[in-house]
Amino acid sequence: MDEKKQPHLENEDDDVQLAQMGHKAELNRNFSTLSMLGLAFAVLNSWTALSASLSLSLPSGGSVSVVWGLVTAGACNLCIAISLAEFLSAYPTAGGQYHWVAVSWPNWVPILSWVTGWVNVAGWVALVATNALLSCQLIAGIVSSVYPDFAWQRWQYFLMYIAYTVLAFVVNGFMNSVLPIIYRGAFTWSIGGFVLVSITVLACASPDYNSASFVFTNFINQTGWPDGVAWLLGLLQGGLGVTAFDAVCHMIEEIPQPSIKGPKIMVICVGIGTFTGAIFLIVLLFVAGDIDEVVNSSAGPLLQIFIHATNNRAGAICLLMLPLICLLFATLSVMTTSSRMIFAFARDGGLPASKFFARVHPRLGLPLNALILTTVVVIIFGFIYLGSSSAFNAIVSASVVLLDLSYAMPIAVNCLRGRRTLPDRKWKIPNKIGWVIDMISLSYIALTTVLFVFPPDRPVTGSNMNYCVVAFGIILIISLIQWVVDGRKNFTGPRVEL
């Protein structure tokens, strides 16, 4: 066989598999394994997301929360990824979780699939907002370190947040053909930045390191909650750093051999993220210097650690450029994935004006309307930031909790049906091991779903309340209205088009 024809024939086979699941292939399979791994790792962006969100865990458990919280969250999310990889191998479709729930329990398709789809869409949109906010916080930290007397107002954050979101939209909307190249570069930049920053701060701080006892056992609690609850709340940072690996699921229709490559990419990116994230956080704690100054710095914990390590403000800001650009890649990749998730759910009639949002732009070759919806809702999320001092925690909590709930749905359905719902597939876990992995996954999600809606500090006031609950309420109301108006009549789960 002519080797030049093989990729084309592989794509035809993949399109046939997609057709067997009821959908015609509308998106180009132009992502290689490396570019998809780059996208998945850019979405997780673990070492950058973890270091940029140190403000979540340092006051809520200190080093113990930073290090051991990530180990806990990483191990549990690896279990979740392994469980979902079985579904991805059996049903490689961009719908992901809501499609898997539908095919696993046909008698309960409409409502279970509907809820899973709405939760997953909302989680991805919240994750775009989270990455934009993390980026804005790093930029604001740079300004605060250079001009210590400058007092940031929340509306200034908001304007910067809008500009960042619009930039991500423009790149996604009008540079689609070069996105695979960007994501391959993102993977190289991220791994290279991780190595470069780690070596630099260790070399500059030598020999004035914090003790191993401090790095692995120091405990801080500035939350007002009991110590045990404070440490559990600190899991939010670790959860953020290793979640959203289902990006591969929602981009699966754009890679060849999806049932083979997709599960491997999803599990590998969680493993790489946990490993690099843990190493980087341990390095940061060794060179952090005075931890109280780090926790309370107006420059932000990460930049303050760089300043302590290098003893040079300009050098520290230069180092911060590496994770800041990583966050830009992350925002781009999360917005890409969010738009594909909206496209898939709208294709099955799950959203208001579904036909409009399921439309693929004929010239750009992407779901432009779904991309616009993502951008508009992300900007609306930003208004929470104008009214609450703990809005950052609320938006991060919403993204992690919503995504975790969407992961729990297909795993729970599979367990309730005796782990017998999936057909023969390339990625298969032995049944006894599968039960253990599924139980760990569901237990972790149940615990964190309750904890991450707690206010981050006590006593609870109107301004520091965790408005994640409000976000849930708004999403629930919109979903219920749409279900009554349209969903209960027309939504039947994943639609068969062919």
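**Exercise 1. The nonpolar patch**

Find which helix supplies the largest share of the nonpolar patch.

Solution. Start with the members. Trp 155, Leu 159, Ile 372, Val 376, Ile 380, Phe 383 and Leu 386 make a nonpolar surface patch of about 670 Å². A patch takes residues with over 30% relative accessible area and no salt bridge, and nonpolar side chains (Val, Leu, Ile, Met, Phe, Trp, Tyr) are joined within 5 Å, like charges within 9 Å. A salt bridge is a side-chain nitrogen of Lys or Arg within 4 Å of a carboxyl oxygen of Asp or Glu. Areas come from the Shrake-Rupley method with a 1.4 Å probe; for residues, only the protein chains shown count as cover.

Next, place the residues. Helices are DSSP runs (H or I, at least four residues), numbered from the N terminus. Trp 155 lies in H8. The largest share, 5 residues, comes from H19.

Know your model: it is predicted, so local features need pLDDT of at least 70 and side-chain atom pairs pLDDT 80 or more, while totals for chains, interfaces and linings use all residues. Residues are numbered from 1 along each chain as its sequence is written, and side-chain values use heavy atoms, without hydrogens and water.

**Exercise 2. The second largest pocket**

Describe the lining of the second largest pocket by class.

Solution. Take the volume: about 480 Å³. A volume is the space filled by probe spheres set on grid points, which are joined across faces, edges and corners. On a 1 Å grid over the protein atoms alone, a pocket is an open set of points with protein on both sides within 12 Å along at least five of seven lines; in a cavity, a 1.4 Å probe fits but cannot get out; lining residues have an atom within 4 Å of a point.

Now the lining. This pocket has 17 lining residues, and Val 377, Phe 381, Ile 474, Ile 475 and Ile 478 lie nearest its centre. Helix H7 (109-146), H19 and helix H22 (468-490) each give at least two residues. H19 gives the most, with 5.

Sort by class. Ala, Val, Leu, Ile, Met, Phe, Trp, Tyr, Cys and Pro count as nonpolar, Asp, Glu, Lys and Arg as charged, and the others, Gly among them, as polar.

**Exercise 3. The largest cavity**

State which helix gives the most to the lining of the largest cavity.

Solution. The structure holds 3 cavities of 30 Å³ or more. The largest has a volume of about 60 Å³. Its lining includes Val 43, Leu 127, Thr 243 and Ala 244. Helix H2 (33-44) and H7 each give two or more residues to this lining. H7 gives the most, with 4. By class, the lining has 7 nonpolar, 4 polar and no charged residues.
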